[in-house]
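Hello,

Here is the structure I promised to pass on to you. Please open it first, and then read my notes below with it in view.

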Amino acid sequence: MNPIKPQPLGVRHVVAMPWPGRGHINPMLNLCKSLVRRDPNLTVTFVVTEEWLGFIGSDPKPNRIHFATLPNIIPSELVRANDFIAFIDAVLTRLEEPFEQLLDRLNSPPTAIIADTYIIWAVRVGTKRNIPVASFWTTSATILSLFINSDLLASHGHFPIEPSGSYKVPIFTDQNRKVQYFHP
């Protein structure tokens, strides 16, 4: 019996859309670097704002990762903490249309989109265009676990925490002795 040899899929083009923040762009770029090193037929278009391209454009990258920009229509990275809610709102409401316009301008259509999990509109764009979308979680596994288990934290009285200072947060619990140790 002859074994079936996998056939090359041909050139693939992935569009990567990170959340516009350092803790999201760096992990997404590292993922894309790993992907193109593993697959010689993969090309990545890495999408950032014009401001972010200025921050990271000079960093070394493999030849098959190309940057594409969206206009600076969201608050600057340098002042976003002044009104973080407005920043989040802008990312969720203003970047979708320019992203779609960018997809229309690409030389080759993408075969997949890798989007930061927080870029929720990427799934809508991919669905509309019949492009598969992979969600990339850039935050630590600890944070994911907190999100997934937040109902358990609340039901066991660990969340929400009283901000008054009268509530002591245990830093260690010795289950054998049934003792909790608190930060002074």
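Is T45 buried or exposed? At 7% relative accessibility, T45 counts as buried, where buried means under 20% relative accessible area, exposed means over 50%, and partly exposed is in between (1.4 Å probe, protein chains only). T45 is placed in strand β2 (residues 42-49). Leaving out residues up to four places away in sequence, T45 touches H13, V14, V15, A16, H66, A68 and L106; contact here means heavy atoms within 4.5 Å.

Before going on, a word on where the numbers come from. This is a predicted model, in which local features need pLDDT of at least 70 and side-chain atom pairs count only at pLDDT 80 or more, while totals for chains, interfaces and linings use all residues. Residues are numbered from 1 along each chain as its sequence is written, and side-chain values use heavy atoms, with hydrogens and water left out.

**The overall layout**

The protein chain has seven helices and seven strands. Helices (H or I, at least four residues) and strands (E, at least two) are DSSP runs, numbered from the N terminus. Read from that end, the elements follow the order β-α-β-α-β-α-α-β-α-β-α-α-β-β. Of the 184 residues in the protein chain, 32% are buried. If you take the contacts between residues at least 6 apart in sequence, 53% of them join residues at least 24 apart.

Not counting residues up to four places away in sequence, L70 touches M17, V47, V48, T49, E50, L95, P98, F99 and L102.

L53, in helix α2, is partly exposed, with a relative accessible area of 28%. Its contacts, leaving aside neighbours within four places in sequence, are V48, F67 and T69. L53 and F67 are 14 residues apart in sequence, and their C-alpha atoms are 7.6 Å apart in space.

**Aromatic rings**

A pair of aromatic rings is described by the distance of the centres and the angle of the planes. A search of the whole structure finds seven aromatic pairs. Rings of Phe, Tyr and Trp (its six-membered ring) pair if their centres lie within 6.5 Å; planes under 30 degrees apart count as stacked, over 60 as edge-to-face and the rest as tilted.

One of these pairs is W19 with F87, which is edge-to-face, at 6.0 Å centre to centre and 80 degrees between the planes. W19 lies in the loop between β1 (12-17) and α1 (22-38) and F87 in helix α3 (residues 84-94), so the pair ties together parts that are 68 residues apart in sequence. W19 is buried at a relative accessible area of 7%, and F87 is buried at 1%.

W52 and F55 also form an edge-to-face pair, with 5.0 Å centre to centre and 85 degrees between the planes. They are three residues apart in helix α2 (residues 50-56), so about one helical turn separates them. W52 is buried, with a relative accessible area of 1%, whereas F55 is partly exposed at 32%.

Ring pairs also link W19, F84, F87, Y118 and W137 into a cluster.

The contact between α4 and α5 is made by E96, F99, E100, L103 and D104 of α4 and W121, R124, V125, K128 and R129 of α5.

In the loop between α5 and β5 (133-136) you will find N130. Its phi is near 60 degrees, a positive value in a residue other than glycine. N130 is exposed, with a relative accessible area of 71%.

Enjoy exploring!
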